[in-house]
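Colleague: I would like to learn how to read the packing of helices and the layout of a sheet from a set of coordinates. Could we go through one case together, beginning with the helices?

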Amino acid sequence: MSNRRTVLATGAALAAWTAVPLVARAQTVWKASDVHPLGYPTVEAIQRMGKKLEAATNGRIKIQMYPSMQLGGEKEMIEQAQVGALQIARISVGAMGPVVDDLNVFNLPFVFRDEAHMRKVIDGPIGQDLLDRVTASPQSRLVVLGWMDAGTRNVYANKPVTKPTDLKGMKIRMMGNPIFVETMNAMGGNGVAMGFNELFGALQTGVVDGAENNPPTLLAQNHYTVSKVYSLTGHLIIPEIFVFSKRTWDGLSKEDQELVRKLSREAQLEQRQLWDAYVGDATAKLKAAGVQFVEADKAAFYAATQPVRDKYGSKYAALLKRIQDTK
Ligand code: GTR
């Protein structure tokens, strides 16, 4: 075909495309999933990314969000993304540790000095290197799109937990990863591994005495209606990632992959802004609802969890040193 005819043909195809009502056009709908409800920073950031994607592709690709664990917990979300049953999953690095062991370095108690330190690390070469390793790992079957923030995790229950002995005899729900169960045991309590989707019921019925998480989760998952005391133990600062199904990814054009990459970088930045605002909001709402915020002896919890860092940290010794040296 001559160039002129190609141009004409393309023009005709375009005209035909625009003439067809939107609903009749072949539209690709990517499923995205999150355990949190609409309005939560991670959910909001992906939805905004979806709107931009739809605009940039003239409606050819759309993201349909399934929030609030509609597609199951994080373990299920990872499995569905791996087989291509969903395209975008936002998950905690806590849940990804068992899939790609390198990530477990971020799941160690008190591995970061504070949230600013964690951000420095994920924004720098260590963060990029870990994302690349997840994408390159044959068992992940996921392409990582970026990091998201999830603040600091603190213990919540119906009594203050200011020092290790306060946790004696208490069953505290932890994410399903042996590091977390051992961390809670070292902190003085009894760690119970449990899916996030079972937690609200378990708190209500007393199957567990408490759990640990960031203020936005305590609010958004309504756990504060059952657990009224939030003790600032600060034992874990775990970032999150959002991933794309490798199976779907491999079928995309280079242009679409580039577009998704670009919009993902924007989503990562946007989520951080949304996160900072939401933490302030959530804290104020929790306090107004009568949740008591209590200072805890972090140094005592740090010392108590040293055996966990020794046991699991030795294989990442070089990486741990680089994390510590990040100023
Ligand atoms: C939240 C996180 C979720 C999930 C949850 C949990 O902070 O955003 O992705 O990991 O914690 O404790 O299971």
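Modeller: Axes here are lines fitted to C-alpha atoms, for helices over the stretch in contact, and angles run from 0 to 180 degrees between N-to-C directions. Please keep in mind that this is a predicted model.

Colleague: At what angle do helix 6 and helix 14 pack, and how far apart are their axes?

Modeller: Two packed helices are described by the angle between their axes and the distance between those axes. Helix 6 (residues 125–136) packs with helix 14 at about 145°, the axes lying 10 Å apart. On the helix 6 side, Pro125, Ile126 and Arg133 take part, and they meet Leu319, Arg322 and Ile323 of helix 14. Sorted by class, this contact comprises four nonpolar and two charged residues, with no polar ones.

Colleague: Which residues of helix 13 are buried, and against which helices do they pack?

Modeller: In helix 13 (residues 306–313), the buried residues are Val308, Arg309, Tyr312 and Gly313. Viewed down the helix axis they fall within an arc of 100°, so they line one face of helix 13. These buried residues pack against helix 7 (178–187), helix 12 (298–304) and helix 14 (317–325).

Colleague: What is the strand order of the open sheet?

Modeller: Strands of a sheet pair through backbone hydrogen bonds, either parallel or antiparallel. Here the five strands of the open sheet follow the order 2-1-3-10-4, with mixed pairing. Strand 2 (61–66) and strand 4 (142–148) are at the edges with a single partner strand each, so one side of each has no neighbour in the sheet. Strand 3 (residues 88–92) and strand 10 (residues 240–245) run antiparallel, joined by five bridges, and Ile88 has Phe244 as its bridge partner.

How values were computed. Residues numbered from 1 in each chain as written. Predicted model: local features only at pLDDT ≥ 70, side-chain atom pairs only at ≥ 80, totals over all residues. Heavy atoms only, no water. Pairing = 2+ DSSP bridges. Helix = DSSP H or I, 4+ residues; strand = E, 2+ residues; numbered from the N terminus. Buried < 20%, exposed > 50% of the residue type's maximum accessible area, 1.4 Å probe, protein only. Arc of directions from axis to C-beta. Contact = heavy atoms within 4.5 Å. Nonpolar A, V, L, I, M, F, W, Y, C, P; charged D, E, K, R; others polar.
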